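My entries follow in the order in which I made them.

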Amino acid sequence: MASTETVHNGGTIGQEKYVTSSLTDSPGSLNGVGNTEDSGRRHGRSHQADSPDVGDEEDTDDEEEEEEEEEEDEDEEDEPALKYERIGGAVPDLLKKDTASTLVVANKLMALGTHGGIVHMLDLTGKRIKSYKPHLASVIDISMDATADFVATASLDGQVAIRSMSTTESYSFDLKRPMRTIALEPNFAKRTTRAFVCGGLAGNLILYEKGWLGHKETILHSSEGPIWQVRWRGRLIAWANDLGVKIYDYVSQTRITFIDRPAESPRADLFKCTLEWQDDSTLLISWADHIKVARIRARPKTSSNTTVPPFIVEITAVFQLDCMIAGIIPHPTPAPSSQALVVASDSASNISATPATVSLTSFLIVSYTPPDTYVDERTDDRARQARKAAERPELRIISRAGEELAADALSITDFHLWGCNDYVLCDVLGSDAAALGTDDGRCYVVMSPRDLVLVKPRDRMDHVAWLVERKRYEEALNDVELIEAETLAAAAGRSLGAAEIGQRYIEHLVSEGEFAKAARLTPKVCGQEPERWEDWIFVFAEKQQLQSIIPFVPTESPRLDHVVYEMMLAHFLTHDQQTLLQTVKEWPREIYNIEAVIVAVRSELDKKASTSSTISSTPSSKLLMECLAELYTANRQPGKALPYFLRLRRPNVFDLIREHNLFTDVQDQVLLLVQFDDELRKQRKLDGEVTEDKRSDAITLLVNNIHSIPIGRVVQQLESSPYYLFLYLDALVMEKDPNLVADFADLQVKLYAEYATPRLIDFTMTSGKIFSSIQKQDQISPIRLIRRIKNGLEIPGLKEALIKILQDFHLQISLLEGCQTIMDGDSSALSLQLQKNQTSGFFLGGECNVFLEKPQFDQA
């Protein structure tokens, strides 16, 4: 049987009273209270602000209401700080016939106690691992060690039970009176003492420690009303009774302090007290509508008094809210770089003699607003007598200054039936929270009799989703791109990636008529998906905004169906021929059927020609010809492109002809080519360019390529332009063989006489040198040449030139005749001599070698 040991409180009580006096007599001396008065607003206010001046209150009521309405309007646009999801798994089925009463979370497990006396072991997703029934009545409090191996429960049936989840080890104690709370010592599974504390309606706080003969009982406190809650952290034990909160040092076995319950507080059993250790040296206390923060630090060592407790306590914050608090836990907030954060650990070394920098931590609370109560208890109106429905609970984030940072109404099943004591708030830390997908390693669970709600801090992707809901797509897209850039598996498993947000953004922009902005997003949104590209191209086509998306349409990666490209070109052919030309120049020919496009453009050009006097008279016709020229060139048909280049007066025509050897293609374009070249020369002169007095490029090209462009064919085409014909024939005479133009001598005389009279003499003299050969060929005679000269035309030097030509002509004939006579006589004499020598005989001597000697003829 467990023994009982009572701790003597003499001396300790005196210290306790001293601390209480120092904390409560002078509220102005409390650390942090002054700050809360200045910065508390809306739902949080300073403890000192409970009794405002009545006159001031009446004067400022209207102003405060207006300010609150403005702030509420602004808060509607504020982004929530938390996100919620109902825990499923086995939880809904377990709570259909039973209701939850308490909850604790440790090491990725949840221990859920019910009013039926059952304990359910669940994982964080709600999957049931084990269930057992240690009690016959409601489980009021539950505790687990850090390993989640041991589970301790306290019940209204007067029993406390401890059970191992991995072994058969278990303990049970009957305290005869309803129990309200229990707490296991830290590292319970690793300690041989198996210590725990518990308390209940009997008003005794009992410490149990295991020894050789069983558990030893030590009453730490009694006779001040029921023990409502106890929590153990490190070497410190904190508990709450009707009078307030006390803290006990387990190592020195001394009571450190007493923190009184706020004055005029409601009944302790109606609105529970919640104790939460933020770290080894910070205790959060919430009771009814008050929050206090107690900071424990080591007492400076003095040699004069060795009986005082080793620690002292300071209240760093006290403030009152406009609601009842059903649960409180610390909630981390970003800290400025200049502030040092306190890192919690299990060792007692964190409790130092000097005040450490308090971590910048807010408070997460479950707020409960009691329903209105009727004033007239004697009324016969049953509606007024009936219990009022409770309002929906809220989860609020309160700063250390008492300022409400965020507030979210919780979606709780049958919330109107539950009271303040029916809710429990637990935190999930470290790897447990990371297993649930939180970025900062922290999340929370809210318990109601019918629900378990998982609460997570909103991450960056939640912020993106919030922006998307409010159609702030541009901000959302920028944020998600940064997130995906930092994450290797960016879009894997994400329903809201950059592509999806971009898709919605484009839809929004198109609906707003911002087509240019929407088109700029298409490469980012469509990426390498041809189907998505084609869908958006058709949308822009329906809106007649293809010109907006054209610059962004991919032509290589990915490559779309050729029908899409042809559709776009056909649209431009009808609506925007300037863009058609630009597109034809920029797009590669492989992505569409170039022959089909050529046919369509030529058909459109033919329509223009049928309604216009000249094919190139309108700007539209010129654009179409430019398109055809580009298309033929891209299709490797420069010969067909040449006529359009000539009509368009492109300066690079001659380079094109030489580069692609288009001399045969230009045979029928001679006049157009020469006219174009003449226009270029005149334009250069008008522009002030210095041009050398040389033959035109067109004439030079024709002269240098007579093998591909026959002279007769050129002359035939240039007959309608005598000046151009003169330039061509003159160039042939001057740069080529004059014999090449012998067939056109009569024509040349007329052209020289008209366009270059001074050069006619030179031409006739040059022509005279070839008269002999001309005469032999029976092509021309001087008389015929002279007859070609117009009557009355005065040509200086013509008479002398003609006399000289005739004299030279007769001299040549005389010389030829004399030479012929001499040659005939010589031929006759030589013929007779040869005949004589061949027919005459010769003398033979007496020797027989006559046949061995070569006969000698007389060379006369």
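**Strands, rings and charges**

I began with strand β21 and its pairing to strand β22 (residues 290–298): the two run antiparallel and are joined by 6 bridges. Strands here are DSSP runs of E with at least two residues, helices are runs of H or I with at least four, and both are numbered from the N terminus. Two strands count as paired if DSSP finds at least two bridges between them. Before going on I noted that this is a predicted model, in which local features need pLDDT of at least 70 and side-chain atom pairs count only at pLDDT 80 or more, while totals for chains, interfaces and linings use all residues. I also noted that residues are numbered from 1 along each chain as its sequence is written, and that side-chain values use heavy atoms, with hydrogens and water left out.

**Entry 1: around β21**

A hairpin through 2 residues joins β20 to β21. C273 has W287 of β21 as its bridge partner.

Is β21 buried or exposed? I found that 6 of the 6 residues of β21 (residues 282–287) are buried, so the strand is largely enclosed by the rest of the structure. Buried means under 20% relative accessible area, exposed over 50%, and partly exposed in between, with a 1.4 Å probe and protein chains only. T282, L284 and S286 point one way, L283, I285 and W287 point the other way, and all are buried.

I then checked W287 for a charge over its ring. R261 lies over the face of W287, at 5.1 Å from the ring centre. The criterion is NZ of Lys or CZ of Arg within 6 Å of the ring centre and within 35 degrees of the ring normal. I found R163 over the face of Y132 as well, at 4.5 Å from the ring centre.

**Entry 2: an open sheet**

I traced an open sheet of 4 strands in the order β24-β25-β26-β27, with antiparallel pairing. β24 (324–332) and β27 (404–409) are at the edges with a single partner strand each, so one side of each has no neighbour in the sheet. Inside the sheet, strand β25 (residues 361–368) pairs with strand β26 (residues 394–398) over 5 bridges, in the antiparallel sense. The bridge partner of V366 in β26 is L395.

**Entry 3: aromatic pairs**

How many aromatic pairs does a search of the whole structure find? The search returns 16. Rings of Phe, Tyr and Trp (its six-membered ring) pair if their centres lie within 6.5 Å; planes under 30 degrees apart count as stacked, over 60 as edge-to-face and the rest as tilted.

I took F173 and F196 next: their ring centres are 5.4 Å apart and their planes are at 50°, so the pair is tilted. F173 lies in strand β11 (residues 170–174) and F196 in strand β13 (residues 196–200), so the pair ties together parts 23 residues apart in sequence. F173 counts as buried at 14% relative accessibility, and F196 is buried at 0%.

F173 also forms a tilted pair with Y208, at 4.7 Å centre to centre and 40° between the planes. Y208 lies in strand β14 (residues 205–211), so its pair with F173 of β11 ties together parts 35 residues apart in sequence. Y208 is buried, with a relative accessible area of 1%.

Last, I noted a cluster in which ring pairs link Y723, Y724, F726 and Y755.
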